[in-house]
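This report describes selected side-chain features of one protein model. Please view the sequence and the structure before reading on.

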Amino acid sequence: MYKIRLGFWVLLVSSISCGEIHREKQDSTSEKSGVTAVSNSRDRENQSLTPEKAADLPGIPAGNSWEDGATPTADARTVKSLTALEALPDSAFVRLSDYSTAFSFDLRYATENNFMKTRVYDCPKCYTRAITARALIAANSEFLKHGVRIRFFDCYRPNSVQYLMWKVVPNPQYVANPVKGSIHNRGGAVDITLETLSGQPLDMGTDFDYFGKPAYHDATDLPSDVLENRKLLKETMESHGFWSVRTEWWHYNLKAASAYPVANFQWSCEMEASL
């Protein structure tokens, strides 16, 4: 009888130990796979919050949009780790610098160096839809083979900023009517140029936001190196699903993201001052 009881307790302790080891192994596997782990029960509830309810809770940055499943991933503080870009819905907003360090940023609307001569972004952050981010990373990988990379002037743009631009330049040839909304407002457009890996911008013939014929794609009265630089930019972007705007050599729209709804979320600048 003593041997039977002793065997029972040994078996019980062994079962508990194996269970703990199994759980530890599962936790380790989840972390290595990049799958986002929810931190606690309140976080699980927050995943289904509306923007209005989320704005009242600590740990959730105010002003972010949950519409169309487009939560800005980088500023959501309800998860332990960053979700893999491939695992996100196409419509989700992401901060591009969280998913690639191979880009360069000169976000003009966070400065006074733009056609409005005023700062309209509180801090320089580049957001796009996840589907746009994936296409940009793929295009940049191709540019890197040529010894250059993408430099961003503008990315996602809140619709409220579109209204400010329209007041300055109410010309749909250069600024989309905010009532209809720009593809920038949908998270599917970017304003970009190319630079060397040491940070020297390639000569594109005009500055960003130059409103005139020398900035047109069909302008041919330009130096040969300028035409070659524009050709590299245009052909590479188009090969990755983007289409250009005739009057702006810097502007590219992702076809697959052009039908998303207009958004107006404002990113938080509390966590960091810049990208």
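Phe105 is partly exposed, with a relative accessible area of 25%; this class lies between buried (under 20%) and exposed (over 50%), for a 1.4 Å probe and protein chains only. Phe152, by contrast, is buried, at 0% relative accessibility. The model is predicted: local features need pLDDT of at least 70, side-chain atom pairs count only at pLDDT 80 or more, and totals for chains, interfaces and linings use all residues. Residues are numbered from 1 along each chain as its sequence is written, and side-chain values use heavy atoms, with hydrogens and water left out.

The structure holds 17 aromatic pairs, a pair being rings of Phe, Tyr or Trp (its six-membered ring) with centres within 6.5 Å; planes under 30 degrees apart are stacked, over 60 edge-to-face, and the rest tilted. Two of these pairs are listed below.

| Pair | Centre to centre | Angle between planes | Class |
|---|---|---|---|
| Phe93 and Phe265 | 4.8 Å | 70° | edge-to-face |
| Phe105 and Phe152 | 5.4 Å | 20° | stacked |

Phe93 belongs to strand 1 (residues 93–95) and Phe265 to the segment after strand 7 (248–254), 172 residues apart. Strands are DSSP runs of E with at least two residues, numbered from the N terminus. Both Phe93 and Phe265 are buried. Because Phe105 lies in strand 2 (residues 104–105) and Phe152 in strand 4, their pair ties together parts 47 residues apart in sequence.

Arg151 is also placed in strand 4 (residues 148–154) and is buried, with a relative accessible area of 16%. The side chains of Arg151 and Glu195 are joined by a polar contact of 2.7 Å.

Methods. Helix = DSSP H or I, 4+ residues; strand = E, 2+ residues; numbered from the N terminus. Polar contact = N/O pair within 3.5 Å; in protein donor to acceptor, adjacent residues only side chain to side chain.
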